[in-house]
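Hi everyone, thanks for making time this morning. I'd like to walk you through one structure, so please have a look at it with me.

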Amino acid sequence: MDVPYPDEIGSERQGELSESTILSWFDEYLFNHVPAHLIYVPKMKLISQSELISIVNPKSLVSRFLSTFPKSSAASREDIVEQIIKPAFKYAIFSHRWLREGEITYQDMISRTMSRKLRQSPGYKKLAYGCQFAWADTCCIDKTSSTELDEAIRSMFRWYQDAEVCVVHLAGTTGLSDIATDPWFTRGWTLQELLAPRAIKFYVSGWSPLTDATNDKANNEFVDLISTITRIPSDSVRAYQPTTDLIHQKMVWASQRKTTKTEDIAYSLLGIFDVSIPVAYGEGDRAFFRLTEAILQKCADPEVFAWSGPHSRHSRGMAIPRSPRCYYPLGVELGFRNRGDKHFVLTRQGVRIQLLLVQGTLHAVPNSSARRFHPVGFMGQQSNPVDIEAVIPETELDEHRWALGVINYEAQAPELYPEQSYLCFLLRCRFGRDQSWTKVNTSLAVILRTTHDYKHVHKSVKSATVYV
């Protein structure tokens, strides 16, 4: 519970809850936590927030509440919101993979001449599932209004979070036996639609409930099945909290999901990471660059750099990936807690970060496109050679100095330790020119593994600030 504002202290202590105060809380909740349009299910009509107020009639609710509320009692804003405001505005929210045809649009809902064929379409029947108010992205957003669309996209995670229940329709599923192949698990927007709601109910083809539970998130066996399908830990499926930690893990969740519009790859992750950026359809993959930029401003976790593949074309450096596809399960425990440079910063020259440099030589691997890195100064079997998947012509191997920039080193004592796996950037510096290191993109993550024989060798590993 939040600490009260100073001007709330007196009224809370004295039990002074006026009608005007509670009504102002109704308005504040409505305009900040309830979608701009809802479906009024009894009449299958799209209503605005002003029409919602008329149906709910807050003044009547408040008068009834105050008439039974003991004058000597105290109640905070949070108490009032939970007791009368949220229940008054409660709504069901829908999640599904859009139909190829038959979906009801915003224009259909505001039209008074919807045809009988349209009213009998699968999309319309879906919306009739039993709640006084409901919301669906197909028909409750006026997509001709850029302002409303921008607000909806940036508020959507919160709308799913505040909904009474999220109703998920798996149109391609007949039961638990084939749920894993349903396209719903491959779409970008459905990730937040799975994680945000506190209560969720799955229905299969024909609108049969998938389980007997009222809230499928309370069914541990089912949650474990969803966890297996999505590779999302069960605890996160049950009760997800949006933050900018565990970035690599969360990007992996999104890495194989698809969206029709390129920009939605980024916009669908805003709520997952609790960041906000303006919506600008037409910008293409620049949207993901701006999302990552917003994440970097809030996070202090070098795990954000645990990716491989192409870098963003919208950054001067090469530390920001082009897409969530650049993140994949690494198959090794790297351990980023209390490791690496927590003070990295995005600049005009790229990301400025302190790394541990392990210099070495890079060679071609016979009968392979890979390149093999041999650390210089390591004694005997202190480290395994590192095979690197990267597009580097053989003619360039001898034209540069090569190094691995270790990201997840021990921050308090910057050096390497035995039997550890270290995530690295591949770096190069051309002979005879300035001594600045530049990053080289690799198709797979670069992992340096020290053996049990490893011992720190003087000058073989050194700390350096690098722009990548």
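I'll start with the overall picture, then move on to aromatic rings, helix packing and a loop.

First, please keep in mind that this is a predicted model. The chain has 16 helices and 16 strands. It runs to 468 residues, and 51% of them count as buried. If you take the contacts with a separation of 6 or more, 66% come from residues 24 or more positions apart.

Now to the aromatic rings. How many aromatic pairs does a search of the whole structure find? The count is 14. Let me show you two of them.

In one, the ring centres of Tyr 29 and Phe 89 are 6.3 Å apart and the planes are at 5°, so this pair is stacked. Tyr 29 belongs to helix H2, residues 19–33, while Phe 89 belongs to helix H5, residues 77–89, so the pair ties together parts 60 residues apart in sequence. Both partners are out of the way of solvent by our count: Tyr 29 is buried, with a relative accessible area of 10%, and Phe 89 is buried too, with 1%.

The other pair is Tyr 267 with Tyr 281. Here the centres are 5.3 Å apart and the planes are at 85°, so we call this one edge-to-face. Tyr 267 is in helix H14, residues 264–267, and Tyr 281 is in the loop between helices H15 (270–273) and H16 (286–298), so this pair ties together parts 14 residues apart in sequence. Is each of these tyrosines buried or partly exposed? Tyr 267 is buried, at 0% relative accessibility, whereas Tyr 281 is partly exposed, at 31%.

Before we leave the rings, look for Trp 184, Phe 185, Phe 202 and Phe 222, which ring pairs link into a cluster.

You'll find Pro 183 in the loop between strand E5 (165–170) and helix H10 (190–195). Pro 183 is partly exposed, at 26% relative accessibility. Its C-alpha atom is 8.2 Å from that of Leu 170, a residue 13 positions away along the chain.

Back to H2, this time for helix packing. H2 packs with helix H9, residues 146–162, at an angle of about 120°, and their axes are 10 Å apart. That angle makes H2 oblique to H9. Which residues meet there? From H2 we have Tyr 29, Asn 32 and His 33, and from H9 we have Arg 158, Trp 159 and Asp 162. Sorted by class, the contact holds two nonpolar, two polar and two charged residues. So Tyr 29 takes part in the stacked pair with Phe 89 and also in the contact with H9.

My last stop is helix H13, residues 247–255. Eight of its nine residues are buried, so H13 is largely enclosed by the rest of the structure. Among those buried residues are Ile 247, Met 251, Val 252 and Trp 253, but also His 248 and Lys 250. And what covers them? The cover includes H10, helix H12 (234–238), H15 and H16.

That's my tour, and I'm happy to go back to any part of it.

Notes:
Residues are numbered from 1 along each chain as its sequence is written. This is a predicted model: local features need pLDDT of at least 70, side-chain atom pairs count only at pLDDT 80 or more; totals for chains, interfaces and linings use all residues. Side-chain values use heavy atoms; hydrogens and water are left out. Rings of Phe, Tyr and Trp (its six-membered ring) pair if their centres lie within 6.5 Å; planes under 30 degrees apart count as stacked, over 60 as edge-to-face and the rest as tilted. Helices (H or I, at least four residues) and strands (E, at least two) are DSSP runs, numbered from the N terminus. Buried means under 20% relative accessible area, exposed over 50%, partly exposed in between (1.4 Å probe, protein chains only). Axes are lines fitted to C-alpha atoms, for helices over the stretch in contact, and angles run from 0 to 180 degrees between N-to-C directions. Angles under 35 degrees count as roughly parallel, over 145 as roughly antiparallel, 65 to 115 as roughly perpendicular and the rest as oblique. Contact means heavy atoms within 4.5 Å. Ala, Val, Leu, Ile, Met, Phe, Trp, Tyr, Cys and Pro count as nonpolar, Asp, Glu, Lys and Arg as charged, and the others, Gly among them, as polar.
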